[in-house]
Every structure is written in C-alpha cells, then in structure tokens.
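Please walk through this structure with the text below. The paragraphs go from one group of residues to the next.

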Amino acid sequence: MKREDFYERVYEVVAEIPVGCVTTYGAIAGHLGVRSGARMVGYALNNLISKEGEHYPAHRVVNRLGQLTGRGHFPDDSMRERLEQEGVEFTEDYTVDIEKHFWDPDEHLR
C-alpha cells in the first residue's frame, strides 16, 4: 500500500470519531490492518495538520494511555481546550479518561 493511500485511510477513520470521544494511534492502525503502525498514523496526522484547509478532528487522537502526545502540533493549548469543549474528561492535565471516552474504530466502522 502506498503511503498516500494509507494516509487517506487514516483520515477517513479520523473523520468518523464522534464528538466527546477519542481513539488511539494504535486503534486506528489496527483497524487498518497495520497492528504495529501507530507511529505511521502519527506521521499521517502530522501531515494532515500541516495541510491548509483540511478540517479533520485530529485532536481526538491520543496515545494508548490517553495522553495528548500530539498537542505540540496544535496552537497554544487548543488540543486540550477542544476536547474539554466536547465534554471529554481528564484524569491528569494532559491525559484523557481513556476508559470513559474511548471510541474503537473496529466496533463502529465495518
């Protein structure tokens, strides 16, 4: 699979994450059949954020522990602020309550 195709598939999954939910890089990778591809999902999202005019909810993707590891790609503290506005609760400053808000693409996308 070409990198561009993989990236587009990542964006399709990210577009489906509902308001008030988060998913992980690994869950997206697993759903796409690349179980060890969490880092590749991160690369795809980094690429997405740098593209002008794209509006995908990339702020809803966190690491497996619920940490906002992608927050450096968002201005100021906007990743956390967006999640809070959507009703996502945090257990620590930059760690979402992953058990409460986790959205599994395998369960919701077929």
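Glu-89 has a relative accessible area of 38%, so Glu-89 counts as partly exposed; the classes used here are buried for under 20% relative accessible area, exposed for over 50%, and partly exposed in between, with a 1.4 Å probe and protein chains only. The side chain of Glu-89 meets that of Lys-100 in a salt bridge, 2.6 Å from N to O. This pair links distant parts of the chain, since Lys-100 sits in helix α5 (residues 98-101) and Glu-89 in the loop between α4 and β3, 11 residues apart. A salt bridge here is a side-chain nitrogen of Lys or Arg within 4 Å of a carboxyl oxygen of Asp or Glu. Helices (H or I, at least four residues) and strands (E, at least two) are DSSP runs, numbered from the N terminus.

The model is predicted: local features need pLDDT of at least 70, side-chain atom pairs count only at pLDDT 80 or more, and totals for chains, interfaces and linings use all residues. Residues are numbered from 1 along each chain as its sequence is written, and side-chain values use heavy atoms, with hydrogens and water left out.

How many salt bridges does the structure hold? There are 3. Side chains of opposite charge can pair when their charged atoms come close. One of the salt bridges joins the side chains of Arg-60 and Glu-86, at 2.8 Å from N to O. Arg-60 lies in the loop between α3 and β2 (61-62) and Glu-86 in the loop between α4 and β3 (90-92), so this pair ties together parts that are 26 residues apart in sequence. Both Arg-60 and Glu-86 are buried.

Another salt bridge is formed by the side chains of Arg-80 and Glu-84, at 2.9 Å from N to O. These two residues are separated by about one helical turn, because they stand 4 residues apart in helix α4. Are the two partners buried or partly exposed? Arg-80 has 16% relative accessibility and therefore counts as buried, whereas Glu-84, at 38%, counts as partly exposed.

Helix α4 covers residues 78-85. Its buried residues are Ser-78, Met-79, Arg-80 and Leu-83. Which strands do the buried residues of α4 pack against? They pack against β2, β3 and β4 (95-96), where contact means heavy atoms within 4.5 Å. For Arg-80, not counting residues up to four places away in sequence, the contacts are Leu-68, Phe-90, Glu-92, Asp-93 and Tyr-94. After α4 comes Gly-87, whose phi is positive, near 90°.

Phe-90, in strand β3, is the next residue to look at. At 19% relative accessibility, Phe-90 counts as buried. Leaving out residues up to four places away in sequence, Phe-90 touches Leu-68, Arg-80, Leu-83, Glu-84, Thr-95, Val-96 and Asp-97. Phe-90 and His-101 are 11 residues apart along the chain, and their C-alpha atoms are separated by 9.8 Å.

His-59 has a relative accessible area of 5% and so is buried. Apart from neighbours within four places in sequence, His-59 is in contact with Phe-74, Met-79, Arg-82, Leu-83 and Glu-86.

Helix α3 spans residues 38-50 and includes Asn-46. Met-40 also lies in helix α3. Met-40 is partly exposed because its relative accessible area is 37%, and Asn-46, with 31%, is partly exposed. Beyond its neighbours within four places in sequence, Met-40 is in contact with Phe-6, Tyr-7 and Val-34.

What remains is the start of the chain. Glu-12 is in helix α1 (residues 3-15) and, at 54% relative accessibility, counts as exposed. The C-alpha atoms of Glu-12 and Asn-46 are separated by 15 Å, and the two residues are 34 residues apart along the chain. Glu-12 also belongs to a negative surface patch, together with Glu-4, Asp-5, Glu-8 and Glu-16. Residues in such a patch have over 30% relative accessible area and no salt bridge, with like charges joined within 9 Å.

Methods:
Patches are made of residues with over 30% relative accessible area and no salt bridge: like charges are joined within 9 Å, nonpolar side chains (Val, Leu, Ile, Met, Phe, Trp, Tyr) within 5 Å. Accessible areas come from the Shrake-Rupley method with a 1.4 Å probe; for residues, only the protein chains shown count as cover. Lys and Arg count as positive and Asp and Glu as negative; His and the chain ends are not counted. The place of a charge is taken as NZ of Lys, CZ of Arg, CG of Asp or CD of Glu.
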